[in-house]
Amino acid sequence: MARDARAAALALHRFGLGPRAGAIEAIVSDPQGALMAELDRPDAGLVATPDLPSSGAANRAVFEFNAERNAKDKVERRRREAAQKLAGNAGMENAMAAQSEAQPATTEQPDQVPLPRRIFLDEARARFDAAIGAEIGFVERLVWFWSNHFCVNADATVMAGSYEREAIRPYVLGRFADMLQAAEGHPAMLVYLNNVLSIGPASVAGINRDKGLNENLAREILELHTLGVRSGYSQADVTNFAKILTGWTIRETVSDPDHGGEFVFLRRAHEPGPERVVGHDYPDTGLDQGHAVLADLARHPATAPHVATKLARHFIADEPPATLVDRLASRFLETEGDLKEMTRALVSAPESWAPQQAKIKRPAEWIVAALRAVGRNGDIQRIVGGLNLLGEPLWRPAAPKGFSDDDAAWLDGLGQRLDIANTFAQRVADQLDPRAIAEATIGPLASAETRSAIERAESKPQALTMLLMAPEFLRR
Amino acid sequence: MQADLLAPTRRALLRGSSALFTAAYLPRLARAEGRDPRFLTIVLRGGLDGLAVVAPVGDPDWRTLRGDKGLALDGQIPALPLDDFFALNPSMPNLHRIYRAGQALFVHAMATPYRERSHFDGQDVLESGLPGPGASDTGWLNRALSALASDGSAAARAQQAFAIGPITPLVMRGPAPVLSWMPPRLPPVSDETAMRLLDLYRHTDPAFAGVLEEHIGIAAIARAGGMDAKPADGSPAVQTGGIAQVRTYFAEAAGAAAKFLARPDGPRVGALALDGWDTHVNEGAVKGRLADLLGALDGAIAAVETNMGDAWPDTVIALVTEFGRTAHINGNDGTDHGTATAALFAGGALKGGRVVADWPGLKDADLHDKRDLKPTTDLRSVLKGLLRDHLRVDEHHLETTVFPDSATTRPIEGLLA
């Protein structure tokens with residue numbers, strides 16, 4: 001491929017996380033090849049995180065943390081009640097004074113950040129370090145895409161970050177079926193979609209405790225993760241699948257200090273007997289019964305176009321060209337769901353290189369692109385706060401469907417982006433050269449109007465604001 | 001985003017302020033004279049139209065030049081007379097009052113040594129104090145403080161400097177330690193920025209243009225209910241009207257600087273930057289955007305005066321900008337980047353009540369490049385006079401380290417009372 005600065009810039013914005021200094025020049029001789037090369041890197045998708053706890057460890061630590069806090073609260077409550085009794089009716093002031101003496105001054109020391117919040121921020125930091133430090137960021141974009149496809153919610157579980165590291169990252173360039181198995185069997189997913197509450201009505205536990213099914217996980221696997229909505233499955237398929245998934249739960253933390261919070265197949269809660277799901281019969285082989293259904297769903301002909309459409313919609317256009325979706329779906333089917341092969345098909349498809357920047361960057365993509373542009377790592381609390389403001393709170397989608405990939409969903413946040421760009425620029429721009437940054441990030445894409453708006457800005461902060469808000473920077 | 005790690009948060013600073021300021025005292029020579037000088041520099045970024053602030057109403061060519069876009073003593077909103085030649089923008093009654101009290105001094109037809117017209121390079125020269133643009137990472141004000149420390153005329157901690165805002169302006173950066181304070185709110189997105197962006201979107205991205213217009217409209221409606229609401233005056237619907245926020249920010253930022261400088265144990269030298277002066281379109285010097293901004297600046301000056309309290313007689317505020325604007329109004333009722341402009345100084349330490357200017361005239365032949373007010377005074381000579389006589393920075397340092405290669409630019413005498 002000939003030197004093509006425009007294609008290089010497009011590659012970095014459309015498939016990556018935005019150019020860092022020198023990035024366009026670095027891949028200008030072969031933008032497609034550079035994207036492919038990132039897929040071939042050893043350990044692509046993985047992050048080195050020796051200090052982050054596994055899902056099980058995080059679960060157990062938070063359990064202990066909560067137990068201790070409850071105990072402390074109780075002691076404190078007793079103290080207060082005693083103080084109030086002591087003060088009697090002598091006046092509220094004394095009681096208040098006793099109370100405030102009892103309370104240590106609030107500080108903002110890092111060790112005072114509650115454990116669940118600390119884990120969340122550490123996981124967030126690791127995720128954004130990987131994104132900001134990536135050469136192109138294509139594989140990180142794939143991680144974000146699949147993490148959103150198989151989303152969980154950090155309000156429901158402390159495991160949102162570790163889930164992404166354990167169930168998504170190892171498989172983004174592997175087989176779809178493997179990611180599917182890893183995601184649906186992960187404690188975070190089982191908690192988020194209530195499968196830990198689902199008990200086979202005819203199982204030992206179901207009979208003894210008068211408990212029954214929760215269909216949430218089974219339905220979302222069919223509707224969101226594999227076949228897609230209205231692809232032909234019935235309510236009976238959902239119910240039967242839910243029965244098969246009974247017994248997929250997590251070990252109790254209170255009674256199991258070594259493995260509490262980890263996955264366990266609980267035969268006692270598993271609905272006995274064979275089930276029929278989407279045209280296949282599954283004998284009761286225990287845990288393997290569920291694995292067998294997931295394996296069949298992964299290779300079901302409806303799954304390929306569902307997944308292909310989502311991938312094309314995310315990277316290329318709200319309404320992706322049918323030819324592109326067909327290419328991706330065919331590649332998915334031909335390779336039995338080899339995600340690296342499907343991704344390669346995306347990069348090599350001519351439809352993927354339309355010169356028009358059709359999509360608006362999602363908030364996290366835009367924030368990371370801004371940080372990469374100015375060569376900073378950003379403060380993680382600010383990054384997380386920015387995402388909240390822009391309607392894409394980290395690991396907190398409003399529903400299991402995940403965050404939207406339609407432009408319409410993100411267009412309205414433009415005003416908030418301006419506020420954030422302005423604030424960010426006020427903080428950092430004085431020590432930078434916005435014109436050089438513009439050249440290094442959108443140089444080959446920039447319209448004459450955008451160039452002039454940056455060139456004529458009255459101050460460096462205003463120039464940087466104009467760059468971050470330029471259509472060429474907001475879109476990809 | 002990491003930059004603010006360098007700047008203590010407001011809360012952290014207030015908590016620790018007594019400790020941080022205790023040892024910071026003043027230039028020894030000045031103190032020996034029984035003075036305790038304060039010096040606050042306000043950088044007006046964007047290129048202030050000096051002719052719209054201090055107008056040469058006595059120049060026979062003035063009316064032809066600016067017409068009803070220019071200030072006039074008999075205008076719809078009459079300009080405020082300064083002497084028999086100059087008049088002040090009517091949006092600045094506080095500064096006028098201070099001038100009448102002999103505590104404000106304006107220098108006109110003044111420029112830095114920079115003769116091109118790029119904001120970035122112009123600001124670089126203005127703040128670095130170097131003769132030309134370049135990669136300087138220190139500013140003249142900081143180097144002046146270092147000089148105070150090194151020649152023994154000040155105690156070891158006297159060099160402590162103070163900056164207001166999210167980032168320390170270049171003028172204040174350098175070897176002398178800088179303490180910075182962040183106002184509780186950041187400068188709002190200026191109308192100027194929003195309008196420029198909207199203009200860009202209208203030419204390049206209609207979808208974005210529509211959303212931004214809506215956003216600006218909503219913001220204006222939200223503000224309309226506020227205390228700062230002004231009666232509708234038939235101005236266009238896309239007037240962003242963010243001036244209330246700007247007024248608040250200017251007054252808070254400048255007022256806070258004054259509070260710190262006024263403290264007996266506080267820093268003595270501070271700097272902040274106020275943006276928004278690049279008036280290419282619909283300048284509105286008499287009534288409109290520039291008038292509003294100057295009103296906000298007038299409020300900031302008043303806030304400094306108030307918050308300085310007893311320290312006001314020891315105070316000098318310098319309001320400086322990177323360059324002036326074209327003498328003529330352009331095709332969009334605005335002005336483009338120019339050369340000479342006015343610098344404004346206020347404070348009880350000044351021998352004020354006068355406009356210092358070697359007036360070059362306004363005829364086409366008198367203009368620089370036939371378009372801009374011609375510079376006849378070098379800003380460095382004014383600043384050197386102030387730094388020498390107010391802070392007692394020695395002259396050798398002034399012409400070597402503070403304003404390098406400026407030996408031939410002599411300090412102006414007699415600026416102080």
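Q: Hey, which domains does the assignment give for chain A?
A: Three ranges come out of the domain assignment for chain A: domain 1 covers 41-174, domain 2 covers 303-353 and domain 3 covers 360-474. Keep in mind that this is a predicted model.

Q: Okay. How far apart are the C-alpha centres of domain 1 and domain 3 of chain A?
A: Those two centres lie 27 Å apart. The domains do meet, with 16 residues of domain 1 of chain A in contact with 15 residues of domain 3 of chain A.

Q: Which helix gives the most to the domain 1 side there?
A: That's α6(A), with 7 residues. Helices α6 (115-133), α7 (138-149) and α8 (160-168) of chain A each supply at least two residues of that side.

Q: And what kinds of residues are on that side of domain 1?
A: Sorted by class, the side of domain 1 of chain A that touches domain 3 of chain A has 9 nonpolar, 4 polar and 3 charged residues.

Q: Switching topic: how many residues of chain A are in contact with chain B?
A: 32 residues of chain A do that, and they meet 33 residues of chain B. On the chain A side, the elements giving two or more residues are α21 (414-428), α23 (448-455) and α24 (460-468).

Q: Which of them gives the most?
A: α21(A) does, with 10 residues. By class, the side of chain A that touches chain B has 11 nonpolar, 11 polar and 10 charged residues.

Q: What about the largest nonpolar core, who touches the most other members?
A: A:L328 and A:L467 do, in a core of 144 residues. The helix of chain A that gives the most to this core is α18 (residues 363-374), with 9 residues.

Q: What does A:L328 actually touch?
A: Leaving out residues up to four places away in sequence, A:L328 touches A:A308, A:L311, A:A312, A:M342, A:A345 and A:L346. Apart from this core lies another one, of 117 residues, and its members include B:V53, B:A87, B:A302 and B:L398.

Q: Let's do chain B, then. How many helices and strands does it have?
A: Chain B comes to 13 helices and 12 strands. Of its 417 residues, 57% are buried. Also, take the contacts in chain B between residues at least 6 apart in sequence: 73% of them join residues at least 24 apart.

Q: Why is strand β1 of chain B described as largely enclosed?
A: Because 8 of the 8 residues in β1 (residues 38-45) of chain B are buried, the strand is largely enclosed by the rest of the structure.

Q: Which of its residues point which way?
A: B:R38, B:L40, B:I42 and B:L44 point one way from β1(B), while B:F39, B:T41, B:V43 and B:R45 point the other way, and all are buried. In a regular strand, side chains alternate between the two faces of the sheet.

Q: Which strands is β1(B) joined to?
A: β1(B) runs parallel to β9 (residues 315-321) of chain B, joined by 7 bridges. It also runs parallel to β8 (residues 269-275) of chain B, again with 7 bridges. Take B:F39: its bridge partner in β9(B) is B:V316, and in β8(B) it stands opposite B:V269.

Q: Last one: what's the strand order in the open sheet of 3 strands?
A: The order is β2-β4-β3 in chain B, with antiparallel pairing. β2 (54-55) and β3 (80-81) of chain B are at the edges with a single partner strand each, so one side of each has no neighbour in the sheet.

Q: How many bridges join β3(B) to β4 of chain B?
A: 2 bridges join β3(B) to β4 (residues 87-88) of chain B, and B:L80 has B:L88 in β4(B) as its bridge partner.

Technical notes. Residues are numbered from 1 along each chain as its sequence is written. Chains are lettered from A and ligands numbered from 1 in the order in which they are written. This is a predicted model: local features need pLDDT of at least 70, side-chain atom pairs count only at pLDDT 80 or more; totals for chains, interfaces and linings use all residues. A nonpolar core is a set of buried Ala, Val, Leu, Ile, Met, Phe, Trp, Tyr and Cys residues joined through C-beta atoms within 7 Å. A residue is buried if 20 or more other C-beta atoms lie within 10 Å of its own, exposed if 12 or fewer, and partly exposed in between; C-beta atoms are placed from the backbone. Helices (H or I, at least four residues) and strands (E, at least two) are DSSP runs, numbered from the N terminus. Two residues are in contact if their C-beta atoms, placed from the backbone, lie within 7 Å. Ala, Val, Leu, Ile, Met, Phe, Trp, Tyr, Cys and Pro count as nonpolar, Asp, Glu, Lys and Arg as charged, and the others, Gly among them, as polar. Two strands pair if DSSP finds at least two bridges between them. Domain bounds come from an automatic or database domain assignment.
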